[in-house]
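User: I would like a close look at one part of this protein. Please keep it short and clear.

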Amino acid sequence: MITLKSWLGGEWREGAGEPRMLVNPATEAKLARTSTEGLDLRAAVWFARDEGGAALRAMTFAARASLLEAMSAALHDARDELLRLSIENGGNTRSDAEFDVDGATGALSAYARLGRELGERRILPEGEGVQLGRTPPWWGRHVLVPREGVAVLVNAFSFPAWGFAEKAACALLAGMPVIVKPATSTALVAHRMCEILDERDVLPPGAVQLLCGPAGDLLSHLREQDVVAFTGSAKTAASLRVHEDLVRRSVTLNVEADSLNAAVLGPDVDPEGETGRFFLRDVLREMTQKAGQKCTAVRRILVPAERLAAVRDELVAELRAVRVGDPARPEVRMGPLATEHQLAEARAGIEKLTPAGKVLTGGARPAELSGVETGRGYFLEPTLLGTDDPGRSGIVHRREVFGPVATLMPYSGRAADAAAIVRLGAGCLVSSAYSDDPEWLGEIVSRLASWNGRLYLGSRKVADTAFGSGAALPSLVHGGPGRAGGGEELGGLRGLALYQQRCAVQGDRGLLVRLFPAGGAAEG
Ligand code: NAP
């Protein structure tokens with residue numbers, strides 16, 4: 001079994017003390033151990049600020065874009081190895097693993113393209129300049145500059161590759177060095193990614209460091225110019241929001257957390273028609289991809305009451321047909337949950353939901369598993385619950401079961417009623433609505449946009465081209481209000497803002513035009 005080290009201060013360092021184990025969740029075989037006890041995290045933070053930050057700030061956007069491009073190429077060259085590790089350590093099927101690993105290289109490439117467009121400059125003017133006095137010379141404009149600290153990237157267990165890359169792409173392009181802290185249980189992929197970046201020598205020293213294991217006292221070394229980009233549970237997020245050192249030093253904190261994402265079928269849609277099949281296909285994928293361990297997975301399915309029985313029967317039949325087992329086997333469509341703890345949490349979650357909703361299918365360990373030793377692995381059947389009275393089933397709108405679990409519920413067919421139910425989730429990363437009626441979709445948008453980071457409108461016209469509601473794209477924002485954490489990532493150049501200070505500069509118009517020449521993607 002290998003011992004994972006952290007990449008800190010330009011060296012690979014082993015922690016002391018009792019190690020945490022990383023296992024294969026399909027076989028329970030131990031894969032690696034890691035510890036971070038005793039590591040000098042204060043020194044790592046200063047190494048990032050002094051070495052990595054200084055080097056990145058001296059580079060133009062075009063030069064930083066070249067770094068991202070080199071990172072993407074180095075990781076893509078190791079694609080097969082990273083996919084294998086993702087299957088072994090994450091319980092992912094190959095297609096789940098591709099979603100994470102290709103998502104990572106894709107995000108780096110997308111930001112490399114944006115960086116090239118920004119060209120040979122280090123400061124981004126934002127918007128138009130404004131005349132401040134009655135006569136032209138007294139002028140002002142906003143500019144975006146990199147924060148002179150370190151960005152600590154704390155990631156959830158579900159996306160060790162993409163979570164790292166989507167955050168690092170924005171931070172590095174903005175000019176900030178990063179310390180990435182993957183979730184301990186599935187850290188093998190992020191660990192290997194950092195080894196590859198080190199072996200290929202694609203980054204200046206201190207631009208990327210890795211803390212491979214528990215966070216220890218890392219956050220207590222942060223100060224005013226630093227950033228924490230957190231993805232994980234609402235519970236951990238709540239503790240970070242009141243972390244004494246983060247609060248005292250006004251450290252910028254972005255939170256990407258839980259979400260009870262909804263999929264709504266419009267009243268005009270026949271489940272047997274093209275848009276209806278599109279809806280069913282999306283719901284099935286979003287429930288079972290990565291065994292439902294996606295922050296964007298569908299948790300609540302709203303169907304007009306008169307269509308409920310047809311949709312229920314179809315979903316139950318499809319979910320029962322999903323082949324579950326060792327994700328390394330090609331015939332398997334869904335692997336196990338990532339850890340024993342996640343399985344226990346998902347089971348406890350189903351129990352919590354059952355007074356409000358009854359189990360229509362699933363809820364237990366599958367009776368048949370492909371390629372799995374009897375009794376081994378953290379498996380759960382795709383599980384569909386049903387409630388007849390969503391307005392009175394508060395728990396199904398509050399409790400995120402992070403697994404292949406969703407609740408089906410009826411509504412009247414009116415957009416206003418669907419929106420009122422979706423809003424009980426108190427803020428989502430993404431909700432989807434399926435209809436060919438533009439009026440109905442328009443009303444959904446007007447009633448739900450303020451409660452969602454993203455709205456996905458499925459119709460016949462996009463049935464063949466849409467990527468699925470679960471895919472967070474570099475060009476569109478990811479994040480959501482309320483329960484979803486209130487954070488925002490990605491969204492093209494918007495994604496850099498977390499790592500930049502916006503400064504309003506006032507002075508002589510000629511001077512400002514000279515200092516901050518117009519043009520480039522941040523203008524306008
Ligand atoms: P978690 O238990 O909250 O852990 C998330 C990360 O926080 C891990 O890296 C964990 O490290 C770290 N952490 C825990 N306590 C910490 C502390 N006191 N200081 C600093 N770091 C700390 O969440 P998870 O179980 O990994 O992920 C599942 C949750 O993430 C779900 O609720 C899901 O909805 C959410 N999620 C959200 C998104 C999104 O983009 N909105 C994406 C994926 C997942 P250790 O592993 O070392 O404990």
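Predicted model: local features only at pLDDT ≥ 70, side-chain atom pairs only at ≥ 80, totals over all residues.

Where is the place of alanine 426?

Analyst: Alanine 426 sits in a loop. Now look at the backbone. The phi angle of alanine 426 is near 65°. That is a positive value, and the residue is not a glycine. What about the surface? Alanine 426 has 28% relative accessibility, so it counts as partly exposed. The cut-offs are simple: under 20% is buried, over 50% is exposed, and partly exposed lies in between.

Aspartate 201 also has a positive phi, near 50°, and is likewise a residue other than glycine. Its loop lies between helix H6 (188-199) and strand E10 (208-210). Aspartate 201 has 61% relative accessibility, so it counts as exposed.

Next, a pair of helices. Helix H4 (residues 94-118) packs with helix H5 (residues 162-174). The angle is about 15°, and the axes are 7 Å apart. Because of that angle, H4 is roughly parallel to H5. The crossing of H4 past H5 is right-handed. On the H4 side, the contact residues include Asp100, Gly103, Ala104 and Tyr111. On the H5 side, they include Trp162, Glu166, Ala169 and Leu173. By type, the residues in this contact divide into 9 nonpolar, 3 polar and 2 charged.

Methods: Residues numbered from 1 in each chain as written. Heavy atoms only, no water. Axes fitted to C-alpha atoms, helices over the stretch in contact; angles between N-to-C directions. Helix = DSSP H or I, 4+ residues; strand = E, 2+ residues; numbered from the N terminus. Parallel < 35°, antiparallel > 145°, perpendicular 65-115°, else oblique. Left-handed = near helix turned anticlockwise from the far one by under 90°. Contact = heavy atoms within 4.5 Å. Nonpolar A, V, L, I, M, F, W, Y, C, P; charged D, E, K, R; others polar. Buried < 20%, exposed > 50% of the residue type's maximum accessible area, 1.4 Å probe, protein only.
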